[in-house]
Amino acid sequence: MERPEICKIKEIVVETPTVKTFILDRKFLFRPGQFAMLWLPGVDEKPFGYSSDRSFTVAKVGRFTEAMHNLKEGDLIGVRGPYGTSFEPLGDRILGVAGGIGAVPVVTAVEEFSRKGFEVTTILGACTKEELLFVERFRRCGELILCTDDGTLGYHGFTTEMLERLLREDDKFDLIITCGPELMMKKVVEIGRRYNIPVQVSLERYMKCGIGLCGHCALDDEGLCVCKDGPVFWEDKLRYISEFGRYRRDGSGSKKLI
Amino acid sequence: MLEIEICGVEFKNPVFLAAGVMGETGGALKRMAKNGAGAVCTKSLGLEKRSGHRNPTIVEVEGGFLNAMGLPNPGVKEYIRELEGIRDYLKKIDVKIIGSIYGRDPEEFSEVAEILEPYVDLLELNISCPHAGGGYGAQIGQDPDLSYKVVSSVRDRVEIPVMVKLTPNVRDIKEIAVAVVDGGADAITAINTLGPGMAIDIKTGRPILGNKFGGMSGKAIKPIALRCVYEIYSVVDVPIVGVGGITTGYDVVEFMMAGATAVQVGTGVYYRGYDIFYKICKELEEYLVENNVKIKDILGRAHEL
């Protein structure tokens, strides 16, 4: 049944000044990169990636996420999912590029890949030191390269600049997976193409049904749905997603430039 | 073998995409067209942009889904750019475009109709959405006089065929069908979603839908849709497009026997995937071949006594 399953919040972890993790009272069978629709009764229902088999990690960015951040341990939320595609490993050496809250699906993927024996390197970026998410979890999976926009920790600059530097020295990666701001991901894809490394990206769009029916998250030009055909797309599919890095739609379906 | 004609418009097959499913963007319509639909129907469009109701806008129940999207759309003027991007391609693969529209009154309907007319093959007036509120949708379609006025106003202002989509949530659907045909409807689409209904989460005690109430679609409403088509066929002479719970070619045969010339598929996309249009057409064709009949032979057959 496509309806929310009510879960109790067992524990809330403050990850960064703007990010909290909500640990729930049940375990989910999900694949890294998949998402669920989280329902706050009386507020709204929005898509979020799983940050572990029993948690969601949410950045405070708007009305819904602010309401999430006001929740207390013991409060109830509805979970409908898991939905969508997932990150898939390929080859031997995998490179993760995560920006901001985009660290959520990437960390679950590199954890699984490293458990399965793949060699994992991650470039993790944030605007500033305090906002770097899941540093310890990433570190346990393999090499971790940190970047901050303001230079408060690690490389002073964008993840994509770090990616270029890294690949110039060592481009023997079999796969890049990425999640973060769309313009960052667009750059990652361009760099991946240049070095002939396949890329998987995780997209985000305004969602309504979450099950491929309403078509609200359908992408131009071929109508691929983020909720069903995504959120994780291989780079070759992006050739058919002309809006990637250009625009997205609001709740009415009206286009908004990225 | 599956070609049909409605109000002078020819369709390569009688299995169309229903309004409200995969119709928010041009890309989504194009995808459904590529999956074998004989025609695709836009999301219902109005004069102004609307975000619709808050989520959850959909919830599954026994036998189907409840939805209360709340007529989200970017407004007809912005939406026609979606159609500009796909209409040459749709023409090439011979898939017709139905423009679904809504309005508050006859004037608003007519304005939207005039703006959309150059971009679509037929119009479908949504006077049947059960959860829009504010004087839209079923609040019009439950009133024969108001329905008549809306249809006749639009009919006077456009040249292309006008279909009218009816709500089953009325005392006598025949009365409404006669009223819209008197008003000039060229065809009738039946039915819009049933109810509205509701679903409550028993752990929190809260209605699940953001709008509390939502229209019911899916397999469970098929017998009601079929009865509505049958009744409408018995009182008017215009073509009928059946919609409600259709998932197989055998369902289409049933609707045709009740009096539908064509059908629309919405929730069925969930049950059988985006290529449901191909699947249904194949099943329909198999039925026709096995029984050595044509569509015109089975149309309205259930009325012969």
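Visitor: What makes up the area buried between domain 1 of chain A and domain 2 of chain A?

Guide: That area is about 1600 Å², and carbon and sulfur atoms give 63% of it. Buried area here is the accessible area (1.4 Å probe) that two parts lose on being put together, summed over both. A:Pro32, A:Gly33 and A:Phe35 supply 28% of what domain 1 of chain A buries against domain 2 of chain A, more than any other three residues. One caution: this is a predicted model, where local features need pLDDT of at least 70 and side-chain atom pairs count only at pLDDT 80 or more, while totals for chains, interfaces and linings use all residues. Residues are numbered from 1 along each chain as its sequence is written, chains are lettered from A and ligands numbered from 1 in the order in which they are written, and side-chain values use heavy atoms, with hydrogens and water left out.

Visitor: Why are they called domain 1 and domain 2 of chain A?

Guide: The bounds come from an automatic or database domain assignment, which gives 5–83 for domain 1 and 93–257 for domain 2 of chain A. Their C-alpha centres lie 20 Å apart.

Visitor: How many residues of domain 1 of chain A are in contact with domain 2 of chain A?

Guide: There are 23, facing 21 residues of domain 2 of chain A; contact means heavy atoms within 4.5 Å.

Visitor: Now chains A and B. Why is the pair A:Asp229 and B:Arg31 called a salt bridge?

Guide: The rule asks for a side-chain nitrogen of Lys or Arg within 4 Å of a carboxyl oxygen of Asp or Glu. The closest N and O atoms of A:Asp229 and B:Arg31 are 2.6 Å apart, so the pair qualifies. The interface of chain B and chain A has five salt bridges, whereas the rule finds zero between domain 1 and domain 2 of chain A.

Visitor: Which elements give two or more residues to the side of chain B that touches chain A?

Guide: Among them are helix 1 (26–34), strand 5 (58–61) and helix 2 (76–92) of chain B. Helices (H or I, at least four residues) and strands (E, at least two) are DSSP runs, numbered from the N terminus. Helix 1 of chain B gives the largest share, five residues.

Visitor: And which residues in chain B lose the most area to chain A?

Guide: B:Arg31, B:Asn55 and B:Ile58, together 16% of what that side buries. The area buried between the two chains is about 3300 Å², with 53% from carbon and sulfur atoms.
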